Amino acid sequence: MTSIAKLYGLVLSGGKSTRMGTDKGLITYHGIPQREYLYQLLSAVCEETFISLREEQTQELPSKMKTIVDLNEFKGPYNGLLSAHKKHPDAAWLVLACDLPLMDLNALKELISKRDPSKNATAFALKENPLPEPLCAIWEPHALAESLTYLANGNGTCPRKFLINTEVKLVFPSDENVLLNANSEQEYKEALLKLA
């Protein structure tokens, strides 16, 4: 590879949040809606940052925030990820799901410092279950191009399965709490306890 792709940030917040029962991107853990908090974190370490969302969510955001509206060509998290890739195909994307209430700047800097652009992705993982976290990862442009082929070939729609079967650099965060997913009322309460 001749050059390292520029790094853009993407907050994935276009999901329906059915398990939580309320939009996870709007939950306030740090004094502002979670998707805005993650946007601010990513803006501190990425060249440009965007929030991925559904068309009907665009009115709810401060106008200064850059958005990428989901194209609805793909299922699940790939919808936001590949909508972003189609808009900026030369960028690598540092992707964060909006349900990571304990994510912090130190963790993002740690992930970026261990980035390996020769791999398809650099992803956080937990030591006791070393599987790549696709929604807390840096996706290189060639990985997203390969993902389009992967989906077209009918290999499923799970970004984690794609990463498991490809070249990925795993990074084990110093503080594993940053990977706590708050997808349900119980996990929301657990996150609040850890933040207290």
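Modeller: What follows is a conversation about a predicted model, from the overall fold to single residues.

Biologist: How many helices and strands does the protein have?

Modeller: The secondary structure comprises six helices and seven strands. Read from the N terminus, the order of elements is β-α-β-β-α-β-α-β-β-α-α-β-α.

Biologist: How much of the protein is buried?

Modeller: Buried residues account for 49% of the 196 residues. The accessible surface is about 9,400 Å², and carbon and sulfur atoms contribute 49% of that surface.

Biologist: What about contacts between residues at least 24 apart?

Modeller: Taking contacts between residues at least 6 apart in sequence, 69% join residues at least 24 apart.

Biologist: Now to charges. How far apart are the mean positions of the positive and negative ones?

Modeller: There are 21 positive and 24 negative charges, and their mean positions are 1 Å apart.

Biologist: How many salt bridges does a search of the whole structure find?

Modeller: The search finds six salt bridges. One of them joins glutamate 140 and arginine 115, with the closest N and O atoms 2.8 Å apart. This pair links distant parts of the chain, 25 residues apart: glutamate 140 is in the loop between E6 and H4, and arginine 115 is in the loop between helix H3 (105–113) and strand E5 (121–124).

Biologist: Are those two residues buried or exposed?

Modeller: Glutamate 140 and arginine 115 are both buried.

Biologist: Why does glutamate 140 count as buried?

Modeller: Glutamate 140 counts as buried because its relative accessible area is 1%, and the cut-off for buried is under 20%. As for its place in the chain, glutamate 140 sits between strand E6 (136–139) and helix H4 (141–152).

Biologist: Which residues is glutamate 140 in contact with, leaving aside its neighbours within four places in sequence?

Modeller: With those neighbours set aside, glutamate 140 contacts Ala5, Ala92, Arg115, Asp116, Pro117, Lys119 and Asn120.

Biologist: Lysine 119 is on that list. Which residue does lysine 119 meet in a salt bridge?

Modeller: The side chain of lysine 119 meets that of glutamate 167, at 3.4 Å from N to O. Lysine 119 counts as partly exposed, at 23% relative accessibility.

Biologist: What does glutamate 48 form a salt bridge with?

Modeller: Glutamate 48 forms a salt bridge with lysine 66, and the closest N and O atoms are 2.7 Å apart. Glutamate 48 is in strand E2 (residues 48–53) and lysine 66 is in the loop between E2 and strand E3 (67–69), so the pair ties together parts that are 18 residues apart in sequence.

Biologist: Let us change topic. Where is aspartate 70?

Modeller: Aspartate 70 is in the loop between E3 and H2. At 10% relative accessibility, aspartate 70 counts as buried. Its C-alpha atom is separated by 5.7 Å from that of serine 83, which is 13 residues apart along the chain.

Biologist: And where is glutamate 73 found?

Modeller: Glutamate 73 is found in the loop between E3 and helix H2 (78–87). At 45% relative accessibility, glutamate 73 counts as partly exposed. The C-alpha atoms of glutamate 73 and serine 83 are separated by 8.1 Å, with the two residues ten apart along the chain. Apart from neighbours within four places in sequence, glutamate 73 is in contact with Asn79 and Lys86.

Notes
Residues numbered from 1 in each chain as written. Predicted model: local features only at pLDDT ≥ 70, side-chain atom pairs only at ≥ 80, totals over all residues. Heavy atoms only, no water. Helix = DSSP H or I, 4+ residues; strand = E, 2+ residues; numbered from the N terminus. Buried < 20%, exposed > 50% of the residue type's maximum accessible area, 1.4 Å probe, protein only. Contact = heavy atoms within 4.5 Å. Areas by Shrake-Rupley, 256 points an atom, 1.4 Å probe, with all protein chains shown as cover. Lys, Arg positive; Asp, Glu negative; His and termini not counted. Charge placed at Lys NZ, Arg CZ, Asp CG, Glu CD. Salt bridge = Lys/Arg side-chain N within 4 Å of Asp/Glu carboxyl O.
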